[in-house]
Every structure is written in structure tokens, then in C-alpha cells.
There are 2 protein chains.
Amino acid sequence: MTDPASSLEELTAQRDQARKDHADLVARGLKLDLTRGKPSPKQLDLSDALLDMGGPAVGADGTDLRNYGGLNGLRELREIFSEGLQVPTDQLLAAGNSSLELMHDAIVFALLQGVPGGERRWADEPEIAFLCPVPGYDRHFGVCEKLGIEMITVPMTSEGPDMDAVERLVAEDSRIKGIWCVPKYSNPDGTIYSDETVRRLAAMTTAAPDFRVFWDNAYAVHHLTETEHEIADLLSLCAEHGNPDRAFVFGSTSKITYAGAGVSFFGSSQANVDWWLASTAKRSIGPNKVNQLQHVRLLRDAEGLREHMRNHAALIRPKFEAVDKILGSELGETGLASWSKPEGGYFINLEVPEGCAKAVVAKAGEAGIAMTPAGATHPYGEDPTDSVIRIAPTYPELPDVEAATQALATCVRLVATEKLLADEQG
Amino acid sequence: MTDPASSLEELTAQRDQARKDHADLVARGLKLDLTRGKPSPKQLDLSDALLDMGGPAVGADGTDLRNYGGLNGLRELREIFSEGLQVPTDQLLAAGNSSLELMHDAIVFALLQGVPGGERRWADEPEIAFLCPVPGYDRHFGVCEKLGIEMITVPMTSEGPDMDAVERLVAEDSRIKGIWCVPKYSNPDGTIYSDETVRRLAAMTTAAPDFRVFWDNAYAVHHLTETEHEIADLLSLCAEHGNPDRAFVFGSTSKITYAGAGVSFFGSSQANVDWWLASTAKRSIGPNKVNQLQHVRLLRDAEGLREHMRNHAALIRPKFEAVDKILGSELGETGLASWSKPEGGYFINLEVPEGCAKAVVAKAGEAGIAMTPAGATHPYGEDPTDSVIRIAPTYPELPDVEAATQALATCVRLVATEKLLADEQG
């Protein structure tokens with residue numbers, strides 16, 4: 001045990017140093033951005049073959065892809081993604097440029113039409129709720145908030161959502177119609193769901209007969225290391241456990257090809273796919289099949305996709321390594337913070353002492369470092385512990401990632417030491 | 001007045017000839033399709049520059065269009081379509097590949113969020129209805145049917161919907177929240193709304209405070225003749241008459257560039273645009289801006305668009321002329337049918353004697369001519385007079401259009417003479 005007086009003295013010195021460092025930082029007038037999980041221009045360059053079709057827009061079956069139709073999306077593209085998304089090609093649909101749209105629309109269709117196995121439309125239920133593992137993805141929560149769906153948080157563990165909590169809640173509360181999951185390299189903490197977590201999600205008893213797992217497999221093939229992590233196959237497990245219609249699987253190429261001009265995927269049981277097609281048939285004239293063919297020509301096959309993703313990893317792994325190294329050297333010995341070391345995905349999750357996250361983000365802002373608002377990882381933007389900060393290192397160039405992380409670490413030192421001193425004196 | 005006996009004799013002879021002609025037709029084993037308003041491959045060829053961007057995907061303002069964002073759509077594309085759609089660029093959004101999706105989603109947002117000026121969400125109203133001018137577009141009716149919205153028909157006149165009926169209904173029935181309009185070269189009858197019709201739509205008193213005109217200006221620039229017909233500016237007229245939020249304007253390039261890979265547009269008052277963006281911001285990561293830029297490079301400006309549409313007209317006008325000519329020579333003297341002579345758009349509306357349309361389509365089917373199902377021009381697929389047949393001549397090659405029209409005329413002669421004889425004898 002350290003001597004309290006010397007500890008206080010040391011903390012004061014650390015705080016003073018942090019204040020000086022922060023003042024220097026502000027004086028430097030940086031302008032850096034670690035807010036959003038966007039691919040960098042160099043990553044986008046990997047897909048520039050999309051800009052030139054290099055031949056007529058004719059599908060493998062001879063269809064003129066320029067015209068109307070083809071609600072399921074291009075079969076040859078669905079074949080490429082079947083393996084990575086763990087959905088049989090026949091049960092996988094390829095759609096527009098955003099899987100967020102598909103998730104939103106899945107809830108809209110459920111609200112206005114109901115889903116297979118449901119006793120009524122979700123809009124006709126007195127109340128609806130979704131389980132939200134936290135920290136999680138702000139846009140999932142935004143969809144719920146917009147559509148008037150209550151959000152019930154469950155904590156994330158190193159194996160995925162706390163399944164004891166999930167099982168208890170879904171068994172007793174029939175208002176709970178769904179759970180948001182990013183099962184591989186989760187946003188923001190990089191968690192890979194364990195096989196047991198996936199099995200329990202598939203097997204658990206739910207009070208709502210029309211409960212759905214919203215399986216946003218956004219980072220299915222987005223490995224940062226040479227280990228291409230696999231997760232258990234939710235769709236098959238649901239069928240095995242007598243809940244064949246439980247899983248809605250989503251995926252997209254937004255972080256594979258072009259973030260704004262990619263292709264999204266929906267996969268599920270045949271009954272759910274038929275339900276989806278019946279709803280979209282009244283809405284859509286079919287997806288942009290020309291863009292889908294361009295994706296086929298770029299990626300070729302599942303092996304081509306794997307190679308393409310290795311090229312992404314080569315570009316972004318140094319950025320993740322830099323963040324980890326700088327946080328380690330700046331904060332590793334201080335005990336002021338901990339952070340995730342993801343092996344895939346787009347984010348590093350930084351945990352600071354309780355009550356410090358908002359202040360750290362504010363101090364970073366003063367120094368010209370834009371961070372995702374603290375709290376964004378929680379429903380309604382409210383992190384009850386105010387301790388989670390999401391770092392998105394992919395977009396800026398490496399030197400900027402380094403400078404921004406260094407600056408962020410300074411802000412953590414400043415806010416955390418001030419907090420600790422205030423606690424000591426309070 | 002003709003002698004009844006000789007008239008009956010003549011009719012019998014006509015019927016016998018039609019029977020023989022139909023039998024010959026069936027024996028020929030044709031396989032032709034006049035069902036859907038699809039551009040032909042040669043029309044699609046006009047836009048094949050879309051397949052090669054011919055340069056980096058960078059917007060006029062320097063934005064990297066490959067990445068996320070840009071919910072409003074590409075400004076330079078909205079500028080091109082502002083004139084044709086009669087919407088100021090700032091109030092015009094460019095979206096995905098289907099305006100049908102936008103119309104569907106406008107109703108979904110209204111159901112789940114309400115619209116500006118409304119007292120509650122449409123989903124919370126006991127009942128909702130839309131006015132459906134008939135004949136009209138089957139997919140409009142399909143959206144209503146899917147979303148549980150009652151459809152109330154009003155007849156079309158040569159100047160647009162029967163405005164006496166429209167004004168009376170919307171004034172007295174607060175369930176009526178909208179009206180479907182295809183104001184220029186309407187589907188299927190090619191009607192151009194008169195200035196007075198547009199003014200009355202803008203000015204009329206509606207019992208529902210949140211009534212909307214769904215202005216599907218699908219054929220805004222799709223002229224078949226050298227006369228580029230103009231219609232009155234609904235959006236401005238709504239503002240002038242104190243109903244600034246009444247108009248939802250929709251458009252798309254589906255029949256300008258690629259039917260399956262074009263761009264759609266939504267235009268309205270600033271309040272409605274803000275409402276739209278607030279809803280889509282939770283759903284979308286922005287539209288496919290790369291495709292939008294490709295459209296800018298293809299069409300260049302409003303004059304480039306006009307020239308492009310003249311090239312379409314040169315390809316399809318001969319098909320419309322052939323239908324008109326053949327119907328004229330086969331049916332013109334018989335009094336058995338009348339049909340529209342559109343100066344734009346994609347359809348010819350054929351009216352046959354009451355109770356004959358389904359039978360004509362069935363007889364055409366026997367002879368290998370696929371026609372849009374009779375009744376598709378009416379809500380729930382039910383044409384109460386069973387007299388309307390929609391002809392879509394753009395997709396097949398000219399000789400096929402000719403052969404199919406000839407065959408169709410034979411079927412009209414057969415069914416109509418049989419009907420008349422049955423009436424005589426009944």
C-alpha cells in the first residue's frame with residue numbers, strides 16, 4: 001500500500017503535467033477526427049474497379065441487368081457472400097447500399113404487417129422493447145428510438161451479451177421482440193461471440209412467440225490479424241433448436257468496397273425470406289443489379305473476397321497497432337484507462353474512470369480532436385457510468401491517428417487525475 | 001337506322017371471321033409480351049456510359065463520393081432535374097433506384113411518425129383512405145393495399161381527375177389523407193393535367209389537415225412528340241393557396257437511364273423535406289452517390305437531359321404510332337373500341353365494351369400475347385366496368401409490337417362481337 005500523502009503528491013504532479021500538456025495541445029491547434037468508422041480513401045481505392053464495368057451488364061443467366069426486376073438480387077453475388085454470412089444462397093437476398101435500411105425496414109414491416117409466428121402486428125402490441133447489449137452501435141439505438149421501441153440494456157461480456165440476463169429477460173417479458181447483436185468484432189468493443197453465446201441465443205425460451213435476433217454481422221470478414229475468426233452459425237442453430245424463424249441476418253459491403261455505394265444483404269429462414277419478399281415486392285422494383293454485377297466482377301468469389309479483405313487489413317492494422325501502442329505507453333502504467341485489442345472490425349473501445357468520458361471528449365474537442373460523443377454507445381446517448389469512449393482509427397492517415405491518440409491520452413490523464421484529486425478532497 | 005336483321009347478320013359474319021382469325025392466330029404460336037412499361041434494350045443502350053465512370057468519383061465540391069454520407073443526394077444531379085420536376089434544387093432530394101420506394105416510405109413515415117401539420121400519426125387514425133383516380137397505376141394501389149389504406153376511386157377526365165368529385169370527397173371525409181396523381185402523360189391513359197386541375201388540387205379545402213398530394217411525375221420529361229408539354233407548378237400553387245406542405249413530388253430516371261439502376265427524387269416544401277430527412281437520417285447512410293455522379297456525367301445538364309429524352313422518343317415513337325395505326329385499321333370503323341393517343345409516357349389505354357376486357361386479355365393469352373391483367377388499372381385489380389386494357393409498347397421490337405397489336409385487335413373483335421351477339425340474343 002502506498003503512502004496516501006506521497007500518492008496525493010504524485011497525483012497532483014501528474015495532474016499538473018497533464019494540464020500543461022493539454023495547454024500545449026490546445027496551442028498546437030490540431031484538427032483531427034476519430035469519430036466515425038469510415039474506410040480511408042486508400043481503402044476505397046482497393047475497389048476502384050467498380051467505376052468501370054469492363055463489359056456489358058449481363059448476368060450469369062443472360063439477364064439484362066440494366067432493366068427492372070430481380071427482387072432477390074444477383075445470385076452470383078449472393079453466392080460470394082453465402083459463406084461469410086453463414087446463410088445458404090437461396091435464403092440470402094442482396095439489396096441496396098445500406099444494411100441499416102434493411103434493419104429499419106425489417107422493424108417497419110414487423111410493425112405494419114407482423115412477422116411469421118406472430119399473433120399480431122407489432123404496431124398492435126401495447127408496448128414493444130428490444131434488448132440492447134451495451135456498449136453497442138448508436139445507429140441500432142437510433143432506429144429503435146425513431147420507431148418508438150423501448151430499449152432495455154444488457155451488459156456485454158467477453159463472450160457477447162450477458163446471456164444469464166438475456167435469458168431471464170426474454171423468458172419473462174413478452175414485450176421484448178428482439179435483440180441487437182454485432183456478433184463478430186462487435187461495435188465498439190471488438191467482442192467475438194462465443195459458440196455457447198450463439199447457441200443460447202438460438203435455444204432460449206422467449207415469452208414473445210415472434211422474437212427475432214437482429215444479427216448485424218457487419219464485420220463478418222473484417223479481420224485485422226491472420227486469424228480469420230469464425231463464429232457459430234446462428235441460422236442453423238435456431239433451426240436445430242426448433243426456432244427456425246428467429247434469426248434475421250444482415251451484412252453489407254460498406255466496409256468492403258465503397259461505404260456509400262455498396263451492397264447490403266438479408267438472410268433468414270425461407271419463411272422469413274418469403275415474408276420479406278412479399279413486403280418488398282410492393283415497395284421495390286428490384287435492387288441496383290448493375291452495381292451488384294460490378295461487385296461480382298471486383299470480388300470474383302469467396303476467395304477473392306478474402307484476398308480483398310487482407311488488403312484492407314494491411315492498410316488499417318498499423319492504425320490499430322499505433323493506437324494500442326500509444327495508449328499503452330501513455331496510460332498503461334497509470335491505471336487510468338483500459339481498452340480493447342480487437343482482432344477485427346473498426347473500433348477500439350476505451351474505458352476511462354466512471355464519470356470521466358464526457359469530460360475527456362470535451363477536452364479532446366478543445367484540442368481539435370473530434371471524438372464520437374461519449375454515451376453514443378448506449379441507448380438515448382446515455383452511458384450511465386459515463387466511462388465508454390469509442391475510437392475509430394480507420395479513416396485518418398497514420399500520423400494523424402498517432403497525433404490524435406496521443407492527444408486523447410493527454411485528455412484522459414487530465415480528466416482522470418482531476419477526478420481522482422476531487423474525489424480525494426471531496 | 002340500320003335494319004336489325006341485316007345488322008345481326010353482319011355482326012354474325014364479323015364474329016365468324018374473328019373466330020377464324022383467332023384460330024389462325026393460336027395456330028401461329030406467337031410468344032409476345034405487352035405487359036410492362038419497360039424500356040427496350042436499345043433505350044438502355046443510350047445510357048451505357050453509366051458503366052464507365054471515366055474518372056475519379058469526386059463531387060463538384062470535392063467530396064469523395066465513394067464514402068458514407070450526403071443524405072440529400074448529389075447537388076449537381078438535383079440541379080439537372082430541378083427544372084423538369086418543378087422543384088427548387090434546395091427542396092429536391094436525390095435517392096436510390098426507385099421512386100416507388102420513396103412513395104411507400106412516405107406513407108410509412110406518415111403512419112409511424114405523422115406528417116407536418118397532422119394532429120397525430122396516421123397509424124393512430126381509426127381509418128385512412130386515399131383517392132385513386134382510375135384508370136391508374138397498379139403499383140400505387142399495391143402500396144395502399146399492403147399498408148392497409150382504403151382506396152376510393154374517382155374517375156379520370158381528359159383534364160385529370162374529376163375535380164368536382166375530388167373536392168367534394170376531400171372536403172367532407174377527414175379519413176382521406178392523400179390522392180395519387182401521375183400528372184403528365186398519366187399511366188395508363190396519357191392524360192396531361194390541365195392548369196385548372198392543378199390549381200384546384202392546390203387550393204381545395206380538405207377535411208384532413210395533413211392531406212397530401214402524391215405527385216408521381218414519372219413522365220415529366222418523357223415526351224413522344226416535339227411538343228414538350230408543360231403542366232402547372234403544383235408546389236408553387238400549393239404555397240400560393242396557403243397549403244405549402246400539401247405536395248409530395250416524386251420522380252425517377254428509371255425510364256430515362258437504366259430502369260433498374262437509376263436515381264429517384266423527392267421534392268416538397270422545406271418543412272416536408274426536413275421531415276423526410278429526419279426520418280431517413282435514422283435509416284440511411286446516404287444514397288449511392290457514385291451512381292448519381294455517373295448520371296451527372298451522362299446527362300450533363302437540363303439541356304443534355306432534353307436531348308437524351310429526344311433520343312428515347314426517336315426509338316419508341318414508331319411503336320406508339322404502329323399501335324395506333326393498327327388499332328385504327330382493325331377497329332377504327334367497328335365502334336368496338338377506343339384508345340388513347342398519348343403525346344408522352346409509356347402506355348396506350350384501350351377501352352373495349354363493358355364486360356369484355358378480361359375476356360380479351362384471356363383470348364390474347366391463348367394466342368401467346370401476354371397483356372397486363374385487365375383490372376390492374378384499378379384498386380384491388382377490380383375494374384367495375386371490365387373495359388380497360390393497358391398496352392405497353394416500349395419493350396418489344398417494332399415487328400413484335402405490330403404482330404401483338406394485330407393479334408390484340410383480333411381478340412377485341414372476337415370478344416366484342418360475341419358479347420354483342422349474346423346481348424342481342426339475351
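Guide: With the element names. Helices (at least four residues) and strands (at least two) are DSSP runs, numbered from the N terminus. On that basis A:Pro135 is placed in the loop between β3 (129-134) and α5 (138-146) of chain A. Keep in mind that this is a predicted model.

Visitor: What makes the peptide bond from A:Val134 to A:Pro135 cis?

Guide: Its omega, which is near 0°. Chain B has a cis bond too, joining B:Val134 and B:Pro135, with omega about 0°. B:Pro135 sits in the loop between β3 (129-134) and α5 of chain B.

Visitor: Why is α4(A) called roughly perpendicular to α9(A)?

Guide: The axes of α4 (residues 99-113) and α9 (residues 270-281) of chain A cross at roughly 90°. The class runs from 65 to 115 degrees, so α4(A) counts as roughly perpendicular to α9(A). The two axes come within 11 Å.

Visitor: Which residues meet there?

Guide: From α4(A) come A:Leu102, A:Asp105, A:Ala106, A:Phe109, A:Ala110 and A:Gln113. From α9(A) come A:Trp275, A:Trp276, A:Ser279 and A:Thr280. By class, this contact has six nonpolar residues, three polar and one charged.

Visitor: Now the interface. How many residues of chain B are in contact with chain A?

Guide: 53 residues of chain B, with 53 residues of chain A. The cut-off for contact is heavy atoms within 4.5 Å.

Visitor: What area is buried between chain B and chain A?

Guide: About 4400 Å², of which carbon and sulfur atoms give 53%. B:Arg66, B:Tyr68 and B:Arg283 supply 19% of the area that chain B buries against chain A, more than any other three residues.

Visitor: How do you know that B:Arg66 forms a salt bridge with A:Asp45?

Guide: Set the distance against the cut-off. The closest N and O atoms are 2.7 Å apart. The limit is 4 Å, so the pair qualifies as a salt bridge.

Visitor: What about A:Glu101 and B:Arg283?

Guide: Their N to O distance is 3.6 Å. That is also within 4 Å, so this pair is a salt bridge. The pair crosses between chains, from helix α4 of chain A to the loop between α9 and α10 of chain B.

Visitor: How many salt bridges does the rule find across the interface of chain B and chain A?

Guide: Eight. Over all chains, the structure holds 70. The interface of chain B and chain A also has 26 residue pairs in polar contact.

Visitor: Which elements give two or more residues to the side of chain B that touches chain A?

Guide: α2 (41-45), α4 (99-113), α5 (138-146), α9 (270-281) and α10 (289-299) of chain B. The largest share, nine residues, comes from α4(B). By class, that side of chain B has 23 nonpolar, 16 polar and 14 charged residues.

Notes:
Residues numbered from 1 in each chain as written. Chains lettered and ligands numbered in written order. Predicted model: local features only at pLDDT ≥ 70, side-chain atom pairs only at ≥ 80, totals over all residues. Heavy atoms only, no water. Buried area = accessible area lost by both parts, 1.4 Å probe. Salt bridge = Lys/Arg side-chain N within 4 Å of Asp/Glu carboxyl O. Polar contact = N/O pair within 3.5 Å; in protein donor to acceptor, adjacent residues only side chain to side chain. Nonpolar A, V, L, I, M, F, W, Y, C, P; charged D, E, K, R; others polar. Axes fitted to C-alpha atoms, helices over the stretch in contact; angles between N-to-C directions. Parallel < 35°, antiparallel > 145°, perpendicular 65-115°, else oblique.
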